[in-house]
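Open your viewer and let us walk through this model together. At each stop you will get something to select and a note on what is there.

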Amino acid sequence: MYKINIFVTNECNAKILNPLPGAPGVCDFCFRPIESIISSEKMIERIINSLDLIEVREPITLTGGEPLVSKYISFLIEMLKEKNHRISLNTNGLLLSKNEEILSKINYICLPFDGHCAELADYYRGEGYYQISQNAYKLAHKYNLPIGVHTLVTPHNILKLEEMGNYLSNQPFSHNIWYWYIKRFKKINHALYTNTTQYELNENLYQQSIFNVKTKFSKMFIGASERESKGYTTLYISLDGNVFIYKKGQAKNTLIGNVMQESLNSIILHNFL
C-alpha cells in the first residue's frame with residue numbers, strides 16, 4: 001500500500017511575516033525541496049490517472065511549499081474529487097481565510113502548532129503567526145474538518161510540550177484533532193543551508209519529552225518523527241511528474257522516476273518489487 005503526498009509547489013509565502021528580534025529566521029527549519037516545479041493541467045491529469053493502478057492509502061496529502069499559492073490548487077482538488085479520492089491539505093494557514101471555499105472540498109486539514117502562545121508560535125514562523133494560526137484553526141472547526149496538528153519540536157519549545165497538549169485538549173476543536181505529529185528537524189533539502197544549532201535537540205531530552213506527552217495525552221493519537229514502522233510506503237509526487245522517496249540519513253529526497261516518462265506502476269515495480 002502506498003501513501004501519496006503531492007508536492008503541489010515548492011514555492012512558499014512564509015517570508016511575508018517579519019522575523020522576531022533574535023529569532024533564527026522565518027521557516028529556515030523547513031525541509032521542503034528547493035527545485036521549482038513546472039506543471040500544466042494535462043500533466044496533472046496524467047499524474048492523477050496514474051494512481052488508478054496502485055493501492056492508495058487515503059487520504060492523499062497536498063503539500064509543498066505552500067499549496068495555496070499554486071494556480072493549480074483548485075484544478076488539482078477537482079481532479080482528485082472526480083476520482084473519489086479523499087484529500088488532506090497541508091497548509092501553513094496564511095492564505096486560508098482568502099481560500100475558504102476550498103474547505104468545503106477537502107476531507108482533512110493539517111496545520112502547524114509550534115506553540116500555544118505568540119512567544120512560541122511566532123519565534124520560528126514570524127511576527128503575527130500565532131493569531132493567523134488561531135484563525136486557521138477556527139475555520140477548520142467551522143467546517144468540522146479532522147485536523148492534523150504538526151509541531152516542530154526544538155530547543156525553544158520542547159519544555160512546553162505538556163502545556164501545548166493541555167491547550168489542545170481544551171480547545172473547541174479538540175474533538176476534531178485527527179493526530180498530533182511531533183516532528184524533529186531534518187537537515188535535508190531546503191534546511192541543508194540553515195544553522196542547525198538553532199534546531200538540534202539532545203536525544204535523551206527528546207525521547208523523554210515524547211514519552212511524557214504520549215503518556216499524559218493517551219487519548220490523543222501522537223506520532224513522532226523517529227517512528228519507522230508505518231505499514232505503508234510514502235511516495236512524494238511533484239506536479240511535474242517526478243516521484244521521490246525519503247531515505248533516512250539522505251540529504252535530499254531520492255528521485256526514483258517520472259510519471260511523464262513511465263507509469264507509476266512501473267516505477268514501483270522497478271524500485272520496490
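A nonpolar core, as used here, is a set of buried Ala, Val, Leu, Ile, Met, Phe, Trp, Tyr and Cys residues joined through side-chain atoms within 4.5 Å. Buried means under 20% relative accessible area, exposed over 50%, and partly exposed in between, with a 1.4 Å probe and protein chains only.

Before the first stop, please note that this is a predicted model: local features need pLDDT of at least 70, side-chain atom pairs count only at pLDDT 80 or more, and totals for chains, interfaces and linings use all residues. Residues are numbered from 1 along each chain as its sequence is written, and side-chain values use heavy atoms, with hydrogens and water left out.

**The largest core**

Select I4, L62 and W180: of the 72 residues in the largest nonpolar core, these touch the most other members. Helix α4 gives the most to this core, with six residues; helices (H or I, at least four residues) and strands (E, at least two) are DSSP runs numbered from the N terminus. Now centre on L62 and show its contacts (heavy atoms within 4.5 Å). Beyond neighbours within four places in sequence, L62 meets I6, V8, P67, I73, L76, I77, L80, I87, S88, L89 and N90.

**Helix α4**

Next, select residues 129-142, which make up α4. This helix has 14 residues and reaches 20 Å from its first C-alpha to its last, close to the 20 Å expected at 1.5 Å a residue (the expected span is 1.5 Å times one less than the number of residues). Colour its buried residues: Y129, Y130, S133, Q134, A136, Y137, L139 and A140. They pack against β4 (108-112), α3 (118-125), β5 (147-152) and α5 (161-169). After α4 comes N144, with a positive phi near 55°.

**Aromatic rings**

Rings of Phe, Tyr and Trp (its six-membered ring) pair if their centres lie within 6.5 Å; planes under 30 degrees apart count as stacked, over 60 as edge-to-face and the rest as tilted. The whole structure holds 13 aromatic pairs. One of them is W180 with F217, edge-to-face at 6.5 Å centre to centre and 65° between the planes. It links distant parts of the chain: W180 lies in strand β6 (residues 177-183), while F217 is in the loop between α6 (203-216) and β7 (222-224), 37 residues apart. W180 is buried at 0% relative accessible area, and F217 is buried too, at 7%.

Then select F29, Y123, Y124, F185 and Y199, which form one aromatic cluster. Another core, of eleven residues, lies apart from the largest one, and F29, Y123, F185 and Y199 are among its members.

Two charges are worth a look here; a charge sits over a ring if NZ of Lys or CZ of Arg is within 6 Å of the ring centre and within 35 degrees of the ring normal. R184 places its charged end over the ring of Y206, 4.2 Å from the centre.

**A last stop at I34**

Where is I34 in the chain? Select it in the loop between β1 and α1 (41-49). I34 is partly exposed, with a relative accessible area of 43%. Leaving out neighbours within four places in sequence, I34 is in contact with N10, N189, H190 and Y193. Finally, draw a C-alpha to C-alpha distance from I34 to D52: the two are 18 residues apart in sequence and 29 Å apart in space.
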